[in-house]
Every structure is written in structure tokens, then in C-alpha cells.
Amino acid sequence: MKKTTMGIIASVISIIGVGCFLTVNTYAEKAEPQKKEIPTYAIYSDYTLDVDNPNEVVGDADYVFVGKVTEETGTIYKNKTPMEQEDGSTVYIGDAYTNYKVEVITNLKNELTINKEVSLEKQGGIREDGSAYDVFEDDQLPELGKVYIFTAYIQDDGSLLVAGGNSTISFDEKTKNIDTEKEVVKTEEFELYEEAVENQVVSEEK
């Protein structure tokens with residue numbers, strides 16, 4: 001009789017345990033939202049230079065430097081234009097500009113303070129409604145913690161703008177994690193852009 005009672009109690013505890021596990025597991029599955037994959041669309045532009053020619057790209061820029069992305073500080077929207085919605089309403093939507101903090105590793109053209117962070121504005125980013133990313137054709141948005149060669153334009157307020165095709169150059173897969181000047185200067189990408197700066201083509205309008 002005692003053994004039977006213990007058996008019943010053990011069975012009840014087991015059922016309760018399984019029930020709790022299923023409840024917790026089901027709750028966890030419901031609580032974890034599915035990640036929505038956001039598409040990326042290309043921004044097309046007519047350039048006054050050949051963005052596939054590094055000599056022209058660096059010749060047009062005010063600064064060319066290697067930097068590590070330390071922080072993404074948000075996205076702002078400029079040049080807002082009215083867009084009619086399906087329901088007939090009008091919404092003003094602007095072009096995305098993503099802001100970053102970047103630690104300068106070394107300079108290629110003109111001088112920024114090495115090992116210091118600079119604020120950098122990158123044309124492109126997530127749309128105001130969050131439906132997609134807009135990025136220039138043949139370009140990319142920087143990722144946190146990665147190192148790139150940036151070609152930047154100085155703005156009237158002294159800030160740096162990076163915009164257009166091939167304005168953000170990533171490193172080869174084998175060297176993508178480098179983050180010291182000593183390592184950077186040995187890469188093919190650095191040598192290519194160092195040579196481009198030496199042979200830069202500056203337009204007459206510059």
C-alpha cells in the first residue's frame with residue numbers, strides 16, 4: 001500500500017514536471033520574437049568621377065584614413081521629401097545618414113589624430129520606417145568592431161562625411177581582424193590606396 005502511494009505521488013510529480021517544462025518551453029518560444037530579415041537596396045548616383053578608380057576616389061576626398069568602428073551612434077534623416085501613402089496621406093521621408101565613432105589607426109591623405117576617435121557620418125542606412133537599408137551601389141555600411149579604409153569629405157561644420165561608391169573599403173578575409181598600424185600597412189588594401197594617393201587624380205573643380 002505504501003509502495004503504491006509512493007508510486008502515485010512519483011507519477012504525479014513527473015507529470016507536473018513535464019507540464020512545467022512544456023509550459024516554460026512554450027512560453028520561451030513565444031517570448032522570443034522571430035528576427036525579421038531586412039532587405040538592402042542600392043542607391044544609384046551619377047558621379048563626376050570614376051568611383052572604380054582609386055586614384056580618382058582619393059583625389060576627390062579630403063581625408064583618406066584607416067579606422068576601426070567603435071560605436072554606431074544613430075541614424076538621422078535629411079532632405080525630406082513628401083511621399084504619398086496608400087491611404088492618401090502624405091509622409092515626409094528623408095535620406096538616411098548613419099553616424100559612427102571611428103578610432104583612427106593611420107592616415108593616407110591629410111592628418112587626423114591617430115588613436116583618437118572621430119565622428120563620422122555615412123550616407124546610407126536604415127529607412128525611417130525600418131523596412132530596408134539603403135546603401136550606395138558598390139559600397140557598404142561599416143560594422144561595429146571592424147577596420148576599413150575611409151575616404152571622407154570635410155563638411156562646413158568640420159564633421160566628416162563618407163559617401164558614394166567605394167568610399168568604405170574593407171580588408172581581405174585573412175586580415176579583416178587587424179587593428180594596429182603595424183599590421184595595417186602590410187596589407188594589399190593599404191598598399192593599393194597608398195599608391196592611389198601618390199598618384200591621385202584631382203579634378204579641376206576641387
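How many helices and strands does the chain have? I counted 4 helices and 9 strands, taking helices (H or I, at least four residues) and strands (E, at least two) as DSSP runs numbered from the N terminus.

**Entry 1: ground rules.** I am working with a predicted model, where local features need pLDDT of at least 70 and side-chain atom pairs count only at pLDDT 80 or more, while totals for chains, interfaces and linings use all residues. Residues are numbered from 1 along each chain as its sequence is written, and side-chain values use heavy atoms, with hydrogens and water left out.

**Entry 2: the whole chain.** Reading from the N terminus, I noted the order α-β-α-β-β-β-β-β-β-β-β-α-α. Next I looked up burial, where buried means under 20% relative accessible area, exposed means over 50%, and partly exposed lies in between (1.4 Å probe, protein chains only). Of the 206 residues, 33% count as buried. The chain exposes about 13,600 Å², and carbon and sulfur atoms supply 50% of that area. Accessible areas here come from the Shrake-Rupley method with a 1.4 Å probe; for residues, only the protein chains shown count as cover. I also checked contacts, meaning heavy atoms within 4.5 Å. Among contacts between residues at least 6 apart in sequence, 64% join residues at least 24 apart.

**Entry 3: salt bridges.** I used this cut-off: a side-chain nitrogen of Lys or Arg within 4 Å of a carboxyl oxygen of Asp or Glu. The structure holds 6 such bridges, and I looked at some of them.

D179 pairs with K68, with the closest N and O atoms 3.2 Å apart. This pair links distant parts of the chain, since D179 sits in the loop between β9 (168-170) and α3 (181-184) and K68 in strand β2 (residues 63-84), 111 residues apart. D179 is partly exposed at 36% relative accessible area, and K68 is partly exposed at 25%.

E128 meets K80 at 3.1 Å, N to O. E128 lies in the loop between β5 (125-126) and β6 (133-136) and K80 lies in strand β2, so the bridge ties together parts 48 residues apart in sequence. E128 is partly exposed at 34%, and K80 is partly exposed at 44%.

Are K122 and D139 buried or exposed? K122 is buried, with a relative accessible area of 0%, and D139 is buried at 15%. Their side chains meet in a salt bridge at 2.4 Å, N to O. The pair links K122 in strand β4 (residues 117-123) to D139 in the loop between β6 and β7 (147-154), 17 residues apart.

**Entry 4: T98.** I found T98 in strand β3 (residues 90-109), buried at 3% relative accessibility. Leaving out residues up to four places away in sequence, T98 touches E72, G74, T75, L120, E121, K122, G124, G125 and L141. One of these, K122, is the salt-bridge partner of D139. I also noted that T98 and Y77 are 21 residues apart in sequence and 8.8 Å apart in space, C-alpha to C-alpha.

**Entry 5: a charged patch.** Which residues form the negative surface patch? They are D172, E188, E191, E194, E195 and E198. Patch residues have over 30% relative accessible area and no salt bridge, and like charges are joined within 9 Å. Asp and Glu count as negative, with the charge placed at CG of Asp or CD of Glu. I followed up on E195, which is in helix α4 (residues 188-198) and is partly exposed at 49% relative accessible area.

Key
Patches are made of residues with over 30% relative accessible area and no salt bridge: like charges are joined within 9 Å, nonpolar side chains (Val, Leu, Ile, Met, Phe, Trp, Tyr) within 5 Å.
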